[in-house]
Amino acid sequence: MTQAPKSISASTPKSGENSWLWLLKLVTGPFIIIFMLVHFIVNHAIASSGLLNYSDILTYYTIWVVPVMEIIFLGLVVSHSLLGLRSIIIDLHPSRGVLAVISWLFLIIGVSAFVYGTWLITVIVSLRVTL
Amino acid sequence: MNINRNQPSPGKLLQWFNPLGRKLSFSGFTLNRVSALGLTLYLYLHLIVLSLLAQGPNAYDNFLKLIHNPWFMFGEWLVVAAGLIHGLNGLRIALTSLGIVVPQQKQMFVFLMVIAVIGSLIFAFRMFTTF
Amino acid sequence: MSMTKWTITIQVYRQKGEALPHYDEFKLEVDPDEYVLDGVERIWAFNDRTVCFRHACHHSTCGACGMRVNGVEKLTCITPIREVTQNGGKIKIEPLRNFPVISDLVVDMGSLYSNMERVGAQSVLPVTEAEIERPLRSWPKEDSQYIRLSDCIECGLCISACPISTTSETYLGPAVLAGAQQKGVRLDPNLLRLVDCEDGPWRCHSAFECTAVCPSFVDPARRIMLLRQQIVLERLTRLFRSEPKKMTVKEANR
């Protein structure tokens, strides 16, 4: 008679995800909706040409609140998307080593994207100033 | 060993996208996942494209001419639709995660997806009639 | 029971030892008001004595007869045949997902039972915690002396239906998390450590399939949301509290 297979029980609790990371993902979501609405309405409804050419974009970025808003929006979206993507990967039960690599990779991508985006915004602001 | 056939496995992730035998909220889970992946891809492409702004008016305006075609516009419309679906479904998930409106979550899902569909249709009309 | 007779085909998942799984078909004459479990029993009694399946109470209190019927998790003792097919139709019966198959329709539920023990899921509760009969706060205080069995019958349908349990073998799963919610993380620091991790409620992505298939009013999805609240509140409280709260003897014995 076939032996009953050994049960798989939950392993020792792991800290790959916890309440703080989940809260961060939860809190960034609604803020993204708000910023997205503003981003969209201003970019495509209020701006005269719908911001569809280079000089209009530069003019738009001279309003001081715009770069501030866009930088905050960038931070929210980058963190929410990478936390979400990491959560999807954890659903696939990667090994601890793989998860550690992915976590560091996402951290590097996230920080790089934020720094790059912030730099790009400051370049755009400075371009208008020099014109 | 055949016992592995019926056990959890990362290789079974296609089950996330199989609605057969499942209820409506399962489609919410699937839609959220698909839209998340699409929006994440768009986010980083968007950041890369925006670097053209730092290269001067010709680079950016030429790019805008390039993407002014039905296929790109369809892609952009998909992004808008994905944003609406993910954002509104995300609202439902955020509220239920906080224990709010849990018994009515199915009705809320239907209501929010109707709004997402209407919003997507409005965007489609705006985008393709001004093309 | 009606006098009507239906002729149906039941397709049963078969797996013995290390042989490849396959499906056997059995044509039966049934009363459509009989239950799917009755059909499986008749197959075993008159057609094939090697069919393995679990059953016990036949009235949805033991949780033994959980199976997938046409791809959907059901307690077969309370699933009428007319609900899942029609005269001349077919019923596909498979074991629950996400548990190792021992034989045919019998799966190894050991992981569920051991995890329920690990989180200290309570099988007996005061009636004042029975939300089904009346809202929690409306129970008179003196009624807390009366006890009842917990709603969860550990049938495993929720774990079979959960999309995350399909890809992650260590995810605790809806039934276990619902049990942890009922126990309460505030009272047990070990429980908090056990559930506040990547195998805990953060794996839930609101598919709500567990609640959809639960035959016993546990509403595991809602309990997972409440467990999240418990964990977040406890973590926030601990930020401002230097010493962990100590349990009273009564709380520890709860």
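Which domains does the domain assignment of chain C give?

1. **Domains of chain C.** The assignment divides chain C into domain 1, residues 6-107, and domain 2, residues 110-253. In this predicted model, the C-alpha centres of domain 1 of chain C and domain 2 of chain C are 30 Å apart. Their contact draws on 13 residues from domain 1 of chain C and 12 residues from domain 2 of chain C. On the side of domain 1 of chain C that touches domain 2 of chain C, the elements giving two or more residues are β3 (66-69) and β4 (72-75) of chain C. By class, that side of domain 1 of chain C has five nonpolar, five polar and three charged residues.

2. **Overall scores and chain C.** The model has an ipTM of 0.87 and a pTM of 0.88. For chain C the average pLDDT is 89, and 90% of the residues score at least 70.

3. **Confidence along chain A.** Chain A has an average pLDDT of 82, with 79% of the residues scoring at least 70. Among the elements of chain A, the highest mean pLDDT, 94, belongs to helix α3 (residues 65-91) of chain A, and the lowest, 79, to helix α2 (residues 54-60) of chain A. Over residues 1-11 of chain A, pLDDT stays under 50. For this stretch of chain A the model has 22 contacts beyond four places in sequence.

4. **Contact between chains C and B.** Here 31 residues of chain C are in contact with 27 residues of chain B. Three elements of chain C give two or more residues to its side of this contact: α5 (163-167), α8 (209-213) and α9 (220-240). Of these, α9(C) gives the most, with five residues. The side of chain C that touches chain B comprises 14 nonpolar, 11 polar and six charged residues.

5. **Helices α3(B) and α4(B).** The axes of α3(B) and α4(B) come within 9 Å and cross at roughly 160°. Angles over 145 degrees count as roughly antiparallel, and α3(B) and α4(B) are therefore roughly antiparallel to each other. Their crossing is right-handed. On the α3(B) side the contact includes M73(B), W77(B), V80(B), A81(B) and L84(B); on the α4(B) side, the residues include M108(B), L112(B), I115(B), F123(B) and F128(B). The contact of α3(B) with α4(B) has 17 nonpolar residues, five polar and one charged.

6. **Helices α1(B) and α3(B).** Helix α3(B), residues 70-97, also has its axis within 9 Å of that of α1(B), and the two cross at roughly 130°. By class, the contact of α1(B) with α3(B) has eight nonpolar, eight polar and no charged residues.

7. **Helices α1(B) and α4(B).** The axes of α1(B), residues 24-50, and α4(B), residues 105-129, come within 9 Å and cross at roughly 55°. These helices, α1(B) and α4(B), are therefore oblique to each other, and their crossing is left-handed. In this contact L24(B), S25(B) and G28(B) of α1(B) meet Q105(B), K106(B) and F109(B) of α4(B). Two of the residues in the contact of α1(B) with α4(B) are nonpolar, three polar and one charged.

Conventions. Residues are numbered from 1 along each chain as its sequence is written. Chains are lettered from A and ligands numbered from 1 in the order in which they are written. This is a predicted model: local features need pLDDT of at least 70, side-chain atom pairs count only at pLDDT 80 or more; totals for chains, interfaces and linings use all residues. pLDDT is the predictor's confidence in each residue, from 0 to 100. Two residues are in contact if their C-beta atoms, placed from the backbone, lie within 7 Å. Helices (H or I, at least four residues) and strands (E, at least two) are DSSP runs, numbered from the N terminus. Ala, Val, Leu, Ile, Met, Phe, Trp, Tyr, Cys and Pro count as nonpolar, Asp, Glu, Lys and Arg as charged, and the others, Gly among them, as polar. Domain bounds come from an automatic or database domain assignment. Axes are lines fitted to C-alpha atoms, for helices over the stretch in contact, and angles run from 0 to 180 degrees between N-to-C directions. Angles under 35 degrees count as roughly parallel, over 145 as roughly antiparallel, 65 to 115 as roughly perpendicular and the rest as oblique. A crossing is left-handed if the near helix is turned anticlockwise from the far one by less than a right angle, and right-handed if clockwise.
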